[in-house]
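Take a look at the sequence and the 3D structure below. Then use the briefing to find your way around.

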Amino acid sequence: MALTITPLTPAFGAEIAGIDAAKALRDAAFRPIRDAFEEYSVILLRDQGFDDASQIAFSKHFGPLEISISANPAGGTHFARQSNVDMTSGGIIAKDDRRMRYQLGNYLWHTDSSFKPVPALCSLLSAREVPPEGGNTEFASMRAAHAALPAETRRKLEGLVAVHSLAYSRARVDPTVLTPNQRQEVPAVRQTMVRSNPVNGRNAIFIGAHASHVEGWPLAEGRQFIAELMAFATQPRFTYSHRWRPGDIVIWDNRAVLHRATAYDTVKYRRLMQRTTVAGDGPTVADPLVPADQVAEMYASVGVPA
Ligand code: OGA
Ligand code: MN
């Protein structure tokens with residue numbers, strides 16, 4: 001079968017057809033997928049028959065996998081499960097369950113693992129069960145947005161570092177959703193605010209829900225700047241909303257896009273999506289650690305106990 005690449009929007013994203021990615025792929029067969037990933041940032045493959053084992057095998061073509069923090073664990077430590085299905089009983093999880101509250105964070109535009117010292121390269125999300133309405137995943141091209149910024153804002157961004165924290169981003173939704181132990185496992189980290197693609201050199205704004213503030217700026221001023229960038233970068237002209245079909249897998253470049261979940265009726269419908277996450281190849285700044293006084297100020301600002 002011939003491989004075809006069809007853009008999803010004028011700015012970014014592409015569907016690749018003519019490949020059976022759940023079957024063992026030789027490196028030569030993977031190459032066009034990797035090239036398209038660098039070029040388009042979001043890759044859709046439809047009608048794939050992934051199970052957990054084949055998803056892990058396919059994901060490893062991109063690099064070593066991250067160990068995921070999962071609120072609804074199943075299928076081993078390589079999966080983050082975005083689902084309202086309890087894996088033990090097979091029934092639907094109650095809305096106020098911690099596992100469902102944790103997933104509310106996904107409704108904010110974010111990039112996976114930007115709260116880790118080495119942020120993720122890409123995520124692969126496969127649709128196993130899809131609600132008949134709602135539950136789209138949306139993507140925003142931080143490259144297209146960067147290119148469209150006023151020149152003055154692009155200059156202002158040069159060399160800036162943002163502080164990213166899972167405790168911060170989750171606290172915006174629900175301050176009790178991380179336990180003190182979980183918080184300690186994810187210390188705040190510094191990330192550059194602009195990333196260049198190593199293959200084609202294109203720049204992308206690197207922010208998202210985990211980005212709290214700009215290092216060296218007053219907290220409120222940095223948050224205001226990040227909020228303005230987020231509002232600009234998530235305009236419809238830079239975004240794509242993916243309507244899932246069972247058998248889809250979407251691969252996104254966490255260096256170059258933000259994404260978010262959208263609502264569905266979690267009481268009425270089942271949704272089961274499995275995510276694997278490929279680790280990045282290094283930190284984005286020389287020293288990712290954040291001084292304790294800055295962390296304390298950030299935590300206090302959102303009511304997280306120090
Ligand atoms: C993710 C994520 C959104 C969704 O898997 O990282 O944010 O729509 N998912 O489930
Ligand atoms: Mn995510």
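What follows is a short tour, grouped by topic.

This is a predicted model: local features need pLDDT of at least 70, side-chain atom pairs count only at pLDDT 80 or more, and totals for chains, interfaces and linings use all residues. Residues are numbered from 1 along each chain as its sequence is written, chains are lettered from A and ligands numbered from 1 in the order in which they are written, and side-chain values use heavy atoms, with hydrogens and water left out.

**Ligand 1**

- The shell around ligand 1 includes Q82, N106, H110, D112, L125 and T137. W252, H259, A261, R271 and R275 also belong to it. Such residues have a heavy atom within 4 Å of the ligand.
- By type, the shell holds three nonpolar, five polar and three charged residues. Here Ala, Val, Leu, Ile, Met, Phe, Trp, Tyr, Cys and Pro count as nonpolar, Asp, Glu, Lys and Arg as charged, and the others, Gly among them, as polar.
- Polar side-chain atoms lie 2.9 Å (Q82), 3.1 Å (H259) and 2.8 Å (R271) from an oxygen atom of ligand 1.
- Taken alone, ligand 1 exposes 290 Å², and the protein buries 99% of that. Accessible areas come from the Shrake-Rupley method with a 1.4 Å probe; for residues, only the protein chains shown count as cover.

**The manganese ion (ligand 2)**

- Which residues are the protein donors of the manganese ion? They are H110 (NE2), D112 (OD) and H259 (NE2), lying 2.1 to 2.2 Å from the ion.
- Donors are N, O and S atoms within 2.8 Å of the metal (3.2 Å for Na, K and Ca); water is not among the atoms, so sites may look incomplete.
- The donor residues follow the spacing H-x1-D-x146-H in sequence. D112 and H259 link distant parts of the chain, 147 residues apart. D112 sits in the loop between α3 (98-103) and β5 (122-129), while H259 is in strand β14 (residues 257-261).
- Helices (H or I, at least four residues) and strands (E, at least two) are DSSP runs, numbered from the N terminus.
- D112 is buried, because its relative accessibility is 4%. H259 is buried too, at 4%. Buried means under 20% relative accessible area, exposed over 50%, partly exposed in between (1.4 Å probe, protein chains only).

**Helix α2**

- In helix α2 (residues 52-59), the buried residues include S54, Q55, I56, F58 and S59.
- Their cover includes α1 (27-40), β3 (42-45), β5, β13 (249-253) and β15 (272-278).
- At the start of α2, a side-chain oxygen of D51 comes within 3.3 Å of the backbone nitrogen of A53.

**Two positive phi angles**

- Most residues other than glycine have a negative phi.
- D47 has a positive phi of about 55°. D47 is in the loop between β3 and α2. Is D47 buried or exposed? D47 is exposed, because its relative accessible area is 58%.
- S113 has a positive phi near 65°. S113 lies in the loop between α3 and β5. S113 counts as buried, at 4% relative accessibility.

**D248**

- D248 lies in the loop between β12 (239-242) and β13. D248 is buried, with a relative accessible area of 0%.
- Polar contacts of 2.9 Å join the D248 side chain to those of R46 and H242. A polar contact is a pair of N or O atoms within 3.5 Å; within protein, one must be able to donate a hydrogen and the other to accept it, and residues adjacent in sequence count only if both atoms are side-chain atoms.
- Leaving out residues up to four places away in sequence, D248 touches several others, among them L44, L45, D47 and L125. Contact means heavy atoms within 4.5 Å.
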